[in-house]
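Thank you all for making time this morning.

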Amino acid sequence: MQGVGELSTIFPSGSGFTEHATRFVDKAFAATISYNYIVVWIAVLANEYNVLCSTMRFWGPQIPLYGYFLIFWPFFMAFQFLGVGVYGEVEYILAMVKILGLTAFYIFTIVYMSGGVKGTPAFGFHTWNDPGAFADGFKGVALVFTLVSTTYAGVEITTVAAAETKNPAKAIPIAIRQTFWRIVYVYIVLVIAFGVTVPYTDPGLRLAGGALKSPMTIAIQNAGWNGEQ
């Protein structure tokens, strides 16, 4: 990511990293990257729709999976036709909601593990010893990497936008540095919080109705809040 950011700062291009591949390697290599990039985003888009529809079906099994897809697909497509300004504003608001939600969960994690929840003694990093931090050892870690690698797709978009930036030499380095810290805050810290609050042996992590329960939901429920009045 840092390397692509440096290249985009010096050689800003609307084609982004594919142009760099053509310039510094070969046209065939650039074509391969382009086709792979298309496949990645098709897979990411399909995954996003699948996760959303599976989650909705968990709460409303009366509607089939494809039914939720037909409901949400026109809704999301509408944003594509409302212009960049509306789309960007919606993305900004949704991202802010996500950050606020994560921050609230991080605060909950600290309070929960410190014994701040009534009826729950302080347990600290107990789950890292019992049942352990790394299920199935190196094999488990490698398997997780293959599953989560697609979630990092998108960090290269900052370099694609270099050609539309007034001052790439100033804007791109700032964007790249911010991306690094956002990855740490949104992904790394979240994984640590999940590992602290929910052991990998928790039965709530098993498939239920075609969808996996969120570790965030499991942690809050284990703390004693089930959403009941």
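Before I name any helices, let me say that they are DSSP runs of H or I with at least four residues, numbered from the N terminus. Please also keep in mind that what you see is a predicted model.

On the surface there is a nonpolar patch formed by F125, W128, L143, V144, L147, V148, Y152, I188 and I192, which together have about 800 Å² of accessible area. Two helices, α6 (137–148) and α8 (168–197), each supply at least two residues of that patch, and the largest share, four residues, comes from α6. W128, for its part, is found in the loop between α5 (84–113) and α6, and W128 counts as partly exposed because its relative accessibility is 36%, where partly exposed covers the range between under 20% for buried and over 50% for exposed.

If we leave aside residues up to four places away in sequence, F105 touches L190, A193, F194, T197, M216 and A219.

Finally, helix α4, residues 65–80, has 16 residues and reaches 23 Å from its first C-alpha to its last, close to the 22 Å expected. Its buried residues are G67, Y68, F72 and F79, and these pack against α3 (27–59) and α5.

Note on methods:
Residues numbered from 1 in each chain as written. Predicted model: local features only at pLDDT ≥ 70, side-chain atom pairs only at ≥ 80, totals over all residues. Heavy atoms only, no water. Patch = residues over 30% accessible without salt bridge, like charges linked within 9 Å, V, L, I, M, F, W, Y side chains within 5 Å. Areas by Shrake-Rupley, 256 points an atom, 1.4 Å probe, with all protein chains shown as cover. Salt bridge = Lys/Arg side-chain N within 4 Å of Asp/Glu carboxyl O. Buried < 20%, exposed > 50% of the residue type's maximum accessible area, 1.4 Å probe, protein only. Expected span 1.5 Å × (residues − 1). Contact = heavy atoms within 4.5 Å.
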